Amino acid sequence: MNFPLYYKSRQGEMIHLLKQITALESPTNDKKAVDACSSFVAREFKKIGCKVTNIPQKDIGDLVSFEYAPGRLKDADDEILVLAHIDTVWPVGKLARMPFYVTGSKLFGPGVLDMKAGLVMIHSALAAMRSLDIKPQKRITVFVNSAEETGHQAAHEVIRRLAKRASLVLCLEPALPGGKLKTERKGRLVVRLEIRGRAAHGGSPEKGVNAIDELIIQLMRLKKVRAGETTVNVGLIGGGEKPNIVAERAWAVLDIRFWKALDRERILRTLKAWEPSLRGARVKVSVESTTPPMERTKASAQLFERAREIAASIGLALDGGKTGGGSDASIAAGVGVPALDGLGPDGDGIHAENEHLLLPSLVERTALLTLLLSGL
Ligand SMILES: [Zn+2]
């Protein structure tokens, strides 16, 4: 089967489905809207023979998974986990000002690239496998996160549980510019630095301990953490009460990114060993959230090579690249399963008003996804 041609002839149907999914705007923090969108998507996956599992949630949209493997449900101990998300960064009503439209080879709209097109790709691939009676080698589970943009503990737990029983993970996040896959992602630590000093009158600061002074000293020490390609962004800062009061409290929130799980241990050791520099000051370091890095392992390199061969069979040259951002693939990779990320279409403008995807890549990538799902 010439899948690039197959999907080229079905591009209209794919755009139609993407338009319907985009019309159901689904900002992460609007549970009702997200649920409406995922109910629609679930109905579409049910129509093509998937078993739908709904995991109800209180504070985020319900989490949904689809199972696909006609006739192989019993002996399939090998499983592919496919990761997607339904939430977007765009509020309800955005569509009126940022419409869904196609011009030339570009398709614009809120959330089309990140990552509603990914849902359409999986749906199209599974629908094709069903109608062409292509039996996959492995059982296929699709997990649709409802709160990927903000991250949520409940969703991460489900991803870890599903990843543990899978032999590989495919993630439909958009490609790197030019269509590269994301083979390595940085891990992330969000760390809160809390300083406690002692208040005094601003006219006699020697009677107090200034927490802001201490915080500045602590922030200067961050160069110890910034080693190699480890980056630290001081994203939030606060403290003090009034200009004429010695600040009793000060705080900062840091976003630290690193390539290796070992880096994480080094960073935490460094931070935990920090002592206050001013007499009488106290320093508290706490980790607010952590995402493991998606490291290049032997298994993930092998998986990438297989994908590259499969892509070459349809004339696609596949490259891999690194990115500083995390995704659900990082959560899955954290349990040790190899992952391919960035399998979604090529395009530009994620989280920006010019968000768009390139239609030729939507067709090519769906062809590639079909071959990966059926051949890996
Ligand atoms: Zn995304």
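Predicted model: local features only at pLDDT ≥ 70, side-chain atom pairs only at ≥ 80, totals over all residues.
**View 1**
D114 sits in helix α5 (residues 112-131), while E173 sits in the loop between β7 (168-171) and β8 (181-185). The pair is 59 residues apart and links distant parts of the chain. Both D114 and E173 are buried. For reference, the ideal angle for four tetrahedral donors is 109.5 degrees.

**View 1. Helix α6 and what covers it.**
Helix α6 has twelve residues, 153-164. At 1.5 Å a residue the helix should span 16 Å, and its end C-alpha atoms are 16 Å apart, so the two values agree. The buried residues of α6 include A154, A155, H156 and V158. I159, L162 and A163 are buried as well. In an α-helix there are 3.6 residues a turn, so residues three or four places apart point the same way. Among the elements that cover the buried residues of α6 are the strands β1 (51-55), β2 (63-68), β3 (79-85) and β6 (139-145). Helix α10 (328-333) is also part of this cover.

Six strands form an open sheet with mixed pairing, in the order β1-β2-β6-β3-β7-β14. Its edge strands, β1 and β14 (339-340), each pair on one side only. Strands β2 and β6 run antiparallel and are joined by five bridges. V64 has V144 in β6 as its bridge partner. Helix α3 (residues 31-47) packs on the sheet and touches β1 and β2. The direction of α3 makes about 10° with that of β2.

**View 4**
Four strands form an open, antiparallel sheet in the order β10-β11-β9-β12. The edge strands are β10 (231-239) and β12 (282-291), and each pairs on one side only. On average, neighbouring strands of this sheet are turned by 20° against each other, direction ignored. Ten bridges join β9 (residues 187-196) to β11 (residues 249-258), and the two run antiparallel. R196 stands opposite R249 in β11. Helix α8 (residues 261-272) packs on this sheet, touching β9, β11 and β12. The direction of α8 makes about 160° with that of β11.

Notes: Residues numbered from 1 in each chain as written. Heavy atoms only, no water. Expected span 1.5 Å × (residues − 1). Buried < 20%, exposed > 50% of the residue type's maximum accessible area, 1.4 Å probe, protein only. Contact = heavy atoms within 4.5 Å. Pairing = 2+ DSSP bridges. Axes fitted to C-alpha atoms, helices over the stretch in contact; angles between N-to-C directions.
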